[in-house]
Amino acid sequence: MIVVGFDPGLATLGYGVLEKKGNITKMLDYGVVLTPKEDNLAVRLKMVEEGVTKIIETFKPDEIAIEELFFAKNVKTAIAVAHARGVVLLTATKYCDKIFEYTPLQIKQALTGYGRADKNQIQQMVKTFLKLPSIPKPDDAADALAVGLCHLQTNKLSGLFRL
């Protein structure tokens with residue numbers, strides 16, 4: 001089974017592609033889709049859509065996991081992320097009928113057993129689970145891999161998180 005995890009963002013959208021065969025999970029790819037802040041919102045959202053489409057068409061995932069939008073201190077940032085997240089959801093739905101959402105708390109709980117784990121603890125667990133030589137960079141890509149790992153860790157209960 002191939003799973004793509006997405007960490008939504010307008011400036012930087014993280015993605016992580018995982019493959020699970022039996023009890024073995026391996027990382028196939030990870031990275032980010034970047035949009036320049038100089039471009040207007042519509043152009044940036046189009047770039048997000050094109051990036052997500054390319055990832056999905058390349059890896060043909062069986063399931064897609066996305067981080068839910070969490071409260072943000074900056075309302076303007078939260079709205080921009082919500083726009084990008086909407087584009088990811090819309091694009092993903094065109095290619096895959098198994099889409100799941102996880103809160104940051106659920107992701108932390110699945111990877112560390114502690115819902116208040118800090119960013120470094122999550123990144124260390126991503127490195128450990130995937131047997132990587134170092135923590136994936138940038139942070140948005142590591143976060144997307146964490147979303148995918150959360151999904152694979154909780155897939156027995158996945159009906160609860162499906163859109």
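Helices here are DSSP runs of H or I with at least four residues, strands are runs of E with at least two, and both are numbered from the N terminus. With that settled, let's start at the end of a helix. Just after α4, lysine 131 takes a positive phi of about 55 degrees. Lysine 131 is not a glycine. It sits in the loop between α4 and α5.

A word on the model. It is predicted: local features need pLDDT of at least 70, side-chain atom pairs count only at pLDDT 80 or more, and totals for chains, interfaces and linings use all residues. Residues are numbered from 1 along each chain as its sequence is written, and side-chain values use heavy atoms, with hydrogens and water left out.

Is lysine 131 buried or exposed? Buried means under 20% relative accessible area, exposed means over 50%, and partly exposed is in between, using a 1.4 Å probe and protein chains only. Lysine 131 has 74%, so it is exposed. The peptide bond from lysine 137 to proline 138 is cis, with omega near -5 degrees.

Another lysine next. Lysine 60 lies in the loop between α1 and β4, the strand at 63-67. Lysine 60 is not a glycine either, yet its phi is positive, about 45 degrees. With a relative accessible area of 61%, lysine 60 is exposed.

Now α4 itself, residues 119-129. At its start, a side-chain oxygen of aspartate 118 comes within 3.1 Å of the backbone nitrogen of asparagine 120. Which residues of α4 are buried? They are Ile122, Gln123 and Val126. Viewed down the helix axis, these buried residues fall within an arc of 95 degrees, so they line one face of α4. That arc is taken from the directions from the helix axis to the C-beta atoms. The buried residues pack against α3 (104-112) and α5 (139-153).

On to the helix pairs. Two packed helices are described by the angle between their axes and the distance between the axes. The axes are lines fitted to C-alpha atoms, for helices over the stretch in contact, and angles run from 0 to 180 degrees between N-to-C directions.

First pair: α3 and α4. They pack at about 50 degrees, axes 10 Å apart. That makes α3 oblique to α4. The cut-offs: under 35 degrees is roughly parallel, over 145 roughly antiparallel, 65 to 115 roughly perpendicular, and the rest oblique. The crossing is left-handed: the near helix is turned anticlockwise from the far one by less than a right angle, while clockwise would be right-handed. From α3, Lys108, Leu111 and Thr112 meet Gln121, Ile122, Met125, Val126 and Phe129 of α4. Contact means heavy atoms within 4.5 Å.

Gln106, Ile107, Ala110 and Leu111 of α3 meet Ala146, Val147, Leu149, Cys150 and Gln153 of α5.

Last stop, threonine 35. It is found in the loop between β3 (24-34) and α1 (41-59). At 6% relative accessibility, threonine 35 is buried. Beyond its neighbours within four places in sequence, threonine 35 is in contact with Leu10, Ala11, Arg44, Met47 and Val48. With arginine 44 there is a side-chain to side-chain polar contact at 2.9 Å. A polar contact is a pair of N or O atoms within 3.5 Å; within protein, one must be able to donate a hydrogen and the other to accept it, and residues adjacent in sequence count only if both atoms are side-chain atoms.
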